[in-house]
Amino acid sequence: RGSNVGAGVGQVYAANTLGAILGSLLVGFWILPRLGVQASCGVLSALLLGAGLLTLRYTRQKPILLPGAVAVLVGVYLTLPGDLLVQQAYQPLYRDYFGLTPGSLRYFREDPYGAVAVGQQHDGYLRLIVDSVSQMGTEINGQRYARLMAHLPLVLQPEARRALVICFGTGTTVGAASTHSNVLTDCAELSPGVLGAAPLFGAVNERVWTRPNVHLVVDDGRHMLRNAGQYDVITAEPPTPTARGMVNLFSADYYRLCRDHLTEHGMVCQGIPLPALGDDQVRLVIRAFQEVFPDCSIWEGSPTHLILLGSKAPLALDPAHLAPGFADPSARRSLAEVGIDSPATLLATFLHGPTFLRAYCGDIPLVDDDHPYIEYAWNDAVPLNPELGHHRPAELWPMIHGFDQAEIAARAAALDDLKHLGNPSGGPDHAVQYLLQVRRITAALPDNPFVLWWTGLQGFALQGSPPSLQAAQAEAFNLLMLHRDREARDILARLAVQAPREPMGHLCLGVAELGLGHPAAARQSFDRGLAIFPEGAPRQSLAALLQEAR
């Protein structure tokens, strides 16, 4: 009525404002966390339906079909599958981006942080996915850097007694820290759903929830650190810094907080996920870290993930200093499973020292809490500087004493070769080049699980072999890559008689003879193999490769 329009509008506006306040509080802090997205949508739909019924009630409308419509809507809702959201919203993303079939989803849970899922890939490895973004898996590439995030500082600082791991993930880093029996490890993880998935990764995280020297807490890493005491090791491997909110664990202010909670000889580790970043973004991360830890160094967790290592004092290491880190059987086994079988192999993962990093960062601006540049650099098309991934052990020598520098340099060179390993397919020249490259790598890193996985040699898997070879030739090819030359020669000698016009058999036989110390026999086999090829670039390339091998 016109006489009370102002009061009526005021009452409606006040009710709307109150509803907006209560709705944001109830949905954000109570309904969504407890019911999840799908059930929350049902509750909100019911509230909207109730509002419609109230409207009809106050307008004195009594449609005949209303009760039937309500019954139909309620019936439809009650018959909806409980996992409809997963089927319609998440499963298509998991299939398209990670190749996960509906039956391969092992875990799904919503929490206030996001939607957490665990799926089993076609190769058998498990993958942790948060908000449709892959975080980590159980393949050895991810396991290697995740374990080194804990082992590297704990081996370099054997006196460590207390560690903090920020971000749980699959629990691999926490599990690696727990294998050092004299270290008490706290872990801060923001997502209860991530911690709930931990039992699925028990094979790689040492079942940390049962470990007496591990304390798991649902908390923000910076908040927990601010209210904690002093730590000997602080390590963080959060999601990519370009993700929302993650820059808070990559800023100079965060690193200052870490430094303030380090013991006198404490160390800080920070993971850098290369696939998600461009060159400028990596420089931003390193620049902020080096601002607080000027003597920092960078190490290779895996070819796709780097590790920044900082401490209050410059590193000074000798064999006696590193030996205790390999003395604990559990820690030694955890390191060996990812190809780190000795202090020399661990030191071979060193990439660069502070001098290179300072020049590499140049005049890139400083990331701090007031200047979160990384968070706004989502599509950075600048490719990574290839020098960043190249091992420079010369910068390591001033930090260590008493080690065999030649041994460390040879293993570092093998890791470089591994990253730049060619493709075995594409012709005999590519196959022979691949064979000789892998032989150089396996000579420096024999029986190394990481090398075997990277080259496809685990269990003599044939995917690392040229597809043109028959099964017996492929087996001999794999044996040669592992320097099992006598076994390979026996197979290839038979094949040379059975298929005298097959060039790869003669060429591989030559490699086997060369490895056994028979250069004359090797030359004969090489010549036989080359004679089968017509003149041209492949033959010239092969001749050059075999000359280098001799």
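These legends describe close-up views of a predicted model.

**View 1. The largest pocket and its centre.** The largest pocket holds about 1200 Å³ of space. Its lining counts 45 residues. Closest to the pocket centre are V133, Q135, P238, P239 and T240.

**View 2. Elements that line the largest pocket.** Strands and helices both take part in the lining. The strands with at least two lining residues each are β3 (126-130), β4 (133-137) and β6 (184-189). The helices that also supply at least two each are α4 (140-156), α5 (172-178) and α8 (221-226). β4 contributes the most, with five residues.

**View 3. Residue classes in the pocket lining.** Nonpolar residues number 20 in the lining of the largest pocket. Polar residues number 16.

View 4. Six names make up the patch: V72, V74, V76, Y77, L78 and L80. Its area is about 550 Å². L80 sits in the loop that links α2 (66-79) to α3 (84-98). The relative accessible area of L80 is 37%, so this residue is partly exposed. That value falls between the cut-offs of 20% for buried and 50% for exposed.

**View 5. P153 in helix α4.** P153 belongs to α4, a helix that supplies at least two residues to the lining of the largest pocket. P153 counts as buried because its relative accessibility is 0%. I234 is 81 residues away from P153 in sequence. In space, the C-alpha atoms of P153 and I234 are 8.8 Å apart.

Technical notes. Residues numbered from 1 in each chain as written. Predicted model: local features only at pLDDT ≥ 70, side-chain atom pairs only at ≥ 80, totals over all residues. Heavy atoms only, no water. 1 Å grid on protein atoms, 1.4 Å probe; cavity = no way out; pocket = protein on both sides within 12 Å on 5 of 7 lines; lining within 4 Å. Points joined across faces, edges and corners; volume = space filled by probe spheres on them. Helix = DSSP H or I, 4+ residues; strand = E, 2+ residues; numbered from the N terminus. Nonpolar A, V, L, I, M, F, W, Y, C, P; charged D, E, K, R; others polar. Patch = residues over 30% accessible without salt bridge, like charges linked within 9 Å, V, L, I, M, F, W, Y side chains within 5 Å. Areas by Shrake-Rupley, 256 points an atom, 1.4 Å probe, with all protein chains shown as cover. Salt bridge = Lys/Arg side-chain N within 4 Å of Asp/Glu carboxyl O. Buried < 20%, exposed > 50% of the residue type's maximum accessible area, 1.4 Å probe, protein only.
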